Amino acid sequence: MKFLITAGPTREPIDPVRYISNRSSGKMGYAIAEAALDAGHQVILISGPVNIEPPQNAKFVSVSTSDEMFDAVRRHADKCDACVLCAAVADYKPAAVSPTKIKKRNETISLELIRTRDILDLLGHRQDRQFLVVGFAAETNDLEQNAMQKLRDKNCDLMIANDVSSTNSGMESDANEVTVFFKNGERQKISRAPKEIIARELVKIFQVLQQKCLTKKM
Ligand code: C5P
């Protein structure tokens, strides 16, 4: 199979030296890329800024902003069998980017933010798409309800949900615990384990689902 995987955070510039971002380490996305390569698949890894070496055998596309990630995904998606959107894309970006460094003058300052484009939503709703679309839902509350809602709203084939409210699972951590939600309402829990192990299990699930979709089309 050919995988497109997004990973890491995005950076949304405020001025030439400042940006809005989040705590995503990219570890889960990179682990999925490694696991897919180990299983003999091809991988295009589209990554925001992280401190991990890209896997040697992946085609690596480095991006910074959500707009750059959006463009890279759009360029590569149609060549792939599965798009796994693991990146923590910023939901909002500054309405305007100051061309010069903003000076410290007033006691308070306001920043107007506008929505970024939702890459997962765009891919999920692509007409006649031939690839699987997998989304991630990092939640601090109502995990199941939020994940199922996202699966439906963004028209994904799978939603991988994880609880990021504790410090030993999810963002920045080496371990994770996820529940995979399927379109038909089924779910599969993968118990707490190193991200490499979780990634291996996920790749197996993607393979099986892709196989099922192919058989249906034949
Ligand atoms: O709605 P929420 O941001 O929680 O959805 C998370 C999922 O959507 C993740 O798979 C993430 O990669 C994707 N996403 C995206 N583009 C955005 C925001 C989220 O692809 N602008």
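Author: Leu 111 lies in the loop between β7 (92-94) and β8 (113-115), where strands (E, at least two residues) are DSSP runs numbered from the N terminus, as are helices (H or I, at least four). The model is predicted, so local features need pLDDT of at least 70 and side-chain atom pairs count only at pLDDT 80 or more, while totals for chains, interfaces and linings use all residues. Residues are numbered from 1 along each chain as its sequence is written, and side-chain values use heavy atoms, with hydrogens and water left out.

Leu 111 is partly exposed because its relative accessibility is 41%; buried means under 20% relative accessible area, exposed over 50%, and partly exposed in between (1.4 Å probe, protein chains only).

Turning to the cysteines, the whole structure contains zero disulfides, a disulfide being a pair of cysteine sulfur atoms within 2.5 Å. For Cys 86, the nearest cysteine sulfur is that of Cys 156, 13 Å away. Cys 86 is buried, since its relative accessibility is 14%. Cys 213 likewise is in no disulfide, and the sulfur of Cys 83 is the nearest, 13 Å away. With a relative accessible area of 24%, Cys 213 is partly exposed.

His 41 occupies the loop between α1 (27-38) and β4 (42-47). At 10% relative accessible area, His 41 is buried. A polar atom of the His 41 side chain lies 3.0 Å from the backbone nitrogen of Met 1. Beyond its neighbours within four places in sequence, His 41 is in contact (heavy atoms within 4.5 Å) with Met 1, Phe 3, Ala 36, Val 203 and Gln 207.

How values were computed:
Polar contact = N/O pair within 3.5 Å; in protein donor to acceptor, adjacent residues only side chain to side chain.
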